[in-house]
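Please examine the model shown below before reading the commentary.

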Amino acid sequence: MTFVLSNPWLHGLVFGAVLVSVLMALVAFITWFERKLAGRIQSRLGPTMVGPFGLLQPIADAVKAMQKDFIVPKDADRFLFWLAPPLTIAFALATAAVIPFSKDVLAANLDVGVLYALAFSGLLAFPTWVAGWASNNKYALLGGMRMVAQGISYEIPMVMAALVPVTLAGTLSMQGIVEYQVASGWIIATPVGAAAGLLFLTTALAEGNRIPFDIPEAESELVAGPTTEYNAIGWSIFAASEYAHSVITAAIVSALFLGGWDGWWNLPPLLWMVAKTGFVFLIVTWVRWSLLRFRSDQLMALCWKYLVPGALLLVLIAGIQVSVRG
Amino acid sequence: MAVAVEAVATAPVVPTKAFVPDPYLDLDTYEADADLMTLSLGPQHPSTHGVFRVVLYLDGEIIVKAVPHCGYLHRGVEKLCEKLAYSNITPVLDKNDYVAPMLNEQAANMAFEKLMGIEVPLRAKYLRTLLAELQRIASHLLWLGTFAMDLGGALGGGTSVFMYCFRERELILDVFEELTGCRFHYNTHHVGGNRHDIPPGWPKLVHEALDTIESRLEAYLVMLEHPIFVDRTKGVGTIDAQLALELGLSGPLLRASGVDHDLRRDAPYGVYDLLDVQVAVDGGGDCLARYKVRLAEIRESIRLSRLLIDNVPQGPLSATKPLNMVTQFKAAAGQVYVGIESPRGELGTWLIASKDKPTNPYRFKIRPPSLHAAAAVPYVFPGHTLSDAVAILGSLDPIMGEVDR
Amino acid sequence: MSETTTPAAAPAAAPTPAPDPSGLTGAAGVLPGKPVDEMKAALAAANPHAAEHVQANTAKRAERQAQVTALFQERFGVGDLEVANGGPLIPAARHAELARALKDTGFTFYVTVAASHWPAQKTKTGDEPESFEVATVLRSVGPGSLQVSWRVKLAPGEELDSLAPLFAGADWQEREQFDLVGVRFLGHPDLRRLMMPDEWEGHPLRRDYAIDTRCEPWR
């Protein structure tokens, strides 16, 4: 065991495999959770029929999706059409590698963990664009273009918001930031940290293509955006990667701003991390089922007129704070 | 490139970007920034309210020209009505405006009665008015739900509003079911009166339903303070009073454009002459104004329904006995037009009877308010983005069953 | 031209309700209801302005009616407005002129156009040739809203001036009538079929139109 943990390659391989399996199982459960919560918000029950409390519903859905024929449109770019779903899920899951679930449970303790996570999160716009392009469908194309525009725009305030904990902690390593928070209090507890956390969550919603920023998908306008032509398992992978991305974003928010695995009452750190992630995901879901959607130009205006200047200001304040502290 | 984009020759005739919506815009004379993209919105599309198709010509994401196509739900109702006896037409018409079937029945039967000279008993007129007001509440609630879904998507906050609205509408349908036995296609009006009399406990049920709806209505008004909702609707799809009149828009659409006109008050039928209908008018002309007007109409309809249900008069419910007999009703030769205020506007019936066949209409023409709402699309869409187009179409609320008939 | 409303005079309140020919009321399980007087008093108490509206409507409608009667009489030489018959017959050539005159008078709301087909008939008084009738309804807006309608008789193949340049709302209504009845409108900006497919043959709402069409997919 110590051999495995000490060799970074083996360590990464084992943890990666475990992480992917756990995350995918979690994603399945999370869809159930979201549907149940949405049902409660909308004064209905949500899934109830399959298994106790409808818990087995995601499995039934997955089986159904796998049974279906995966149809590739006649004029689609077959290779890219096939490539887009695996790319999406790969990029979404790759982000999870640097998330510290406790002091030891972590796939790769990179020195540039934050950068790595943000980079992969930003890359997610591209498989979506590939899907939109390859589908040979105007709705898909429009959705893909919107995704790229939105992904690139929101990347900027997102990175700047992440710079605040980085500046305060003085490290780019996720584990380092969590350890800084264990030592000197959660970042969310400071005013600048709280503002940055809120900003990061907002931009993460946009990056993750969630309401009120789900312009690329926009069912009422673009049918299903880039995934219009996808069905069966291809569509399921897109859906799963969207959930995976949401969960991982929630985990990053917990790690960067909410103290990560830090907690009280001697509870296991892993439990704290999972609880915080769940809490952030709850907020994300709640927002999704309560808000309407922005228009694309309003979305851009929000980003460039308010979020980017706000994020700049926060970075400035954090820098001053650090320099005063010495 | 995988996607076909329609190339458009440019000629320096029309100054670019100055949008005066022109439904017959010649695309050859339009100077686009890049190639125009032709996007066919519908007929299979989540937010076209049935099967409506609009061909959009997009310059970037701005609509330059919109060409609507309808007829996908054409069922030949008018032709069918020429073959049916007067007493058999009502159930067919229920399917026209399937969101407010009561009003379809009323409009046609009022035309029949006028042509035949049948005087409807007061109690029947009274009940028809009450049912129309209840149906108006249900119809506007359904509109609000679908409109929110257009704004917020099928998997998000929009669906939440949709579910709430359906929950409230359900109460009205329950009340109707109690009265007529049907939730949707009632067939309760017939020539000369109504078919189903009020059961003794019914007013209590109506009161309960109305109380519940009114208490929950407060929640919808919160939407007015919701920044995203206001951003998406304010100043979007503005129709000024002149254009609205030109286009023949009626009902909430006309009133949202600042024209104070409501057939219930201005040309009363039923027992509206005994009522003081507060007509909601908003000068905004945009989607927000249409939302406000419809919400105000729900409140007014609740007030009127409460009042009406408490004071049902005595008397017969019908001047005729509803028989299933082709020769029961015979009309003398003549032509009449009767228009009533449906939730969507002026729902009219032009009825021609000839000497040769007194038992059937010779020609039966419906004036659907939704047809004019759908016809407004090429005047309102240009200059807006695709997202706004969906919001505008939602706020115009064309019911395709009625447009295509 | 016809009145939209039945006048306010509802059947007089009888102390004992009249027997119901439908045989539905009076049965067990039916809400008995209030005496009519009581109902009217209750509604009047809750709607203090209802009577004012009726008064204003009647006055305004009488005024408009007088205007319309004068217009028809003076400019078109029509004395009888033939309310029961859907309005007076106007020569096809003066159709657009009448619409414009009415629009200027205040009938700014375009209601509907209804075309009908009258096949050739042998009658006692002589043979009637095939003809089309186009009825148009306009309405004034606001209190005392009054509707005006008139008819135009057309020979087969004859075209009628379109009202679409005058009322944008006439656009689709006229397209529909062209599609279903086959009356052509002169000067219509976009006279295409509205309901039926473009390649459809015939006009379904003609009286002699057979349901069994010649078009292959819809047979």
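This is a predicted model: local features need pLDDT of at least 70, side-chain atom pairs count only at pLDDT 80 or more; totals for chains, interfaces and linings use all residues.

Residues are numbered from 1 along each chain as its sequence is written, chains are lettered from A and ligands numbered from 1 in the order in which they are written, and side-chain values use heavy atoms, with hydrogens and water left out.

Helix α13 of chain A (residues 296–325) has 30 residues and spans 41 Å between its first and last C-alpha, close to the 44 Å expected at 1.5 Å a residue. Helices here are DSSP runs of H or I with at least four residues, strands are runs of E with at least two, and both are numbered from the N terminus. Among the buried residues of α13(A) are Leu299(A), Cys303(A), Leu307(A) and Ala311(A), where buried means under 20% relative accessible area with a 1.4 Å probe, protein chains only. The buried residues of this helix pack against α7 and α9 of chain A together with α7 and α14 of chain B.

Between the two chains, 42 residues of chain B are in contact with 29 residues of chain A, contact meaning heavy atoms within 4.5 Å. The count of salt bridges is one: Asp388(B) pairs with Arg295(A), the closest N and O atoms being 3.0 Å apart. The criterion is a side-chain nitrogen of Lys or Arg within 4 Å of a carboxyl oxygen of Asp or Glu.

In chain C, ten of the ten residues of strand β2 (residues 109–118) are buried, so this strand is largely enclosed by the rest of the structure. β2(C) pairs with β5(C) in the antiparallel sense over nine bridges, pairing requiring at least two DSSP bridges between the strands.

How values were computed
Buried means under 20% relative accessible area, exposed over 50%, partly exposed in between (1.4 Å probe, protein chains only). The expected span of a helix is 1.5 Å times one less than its number of residues.
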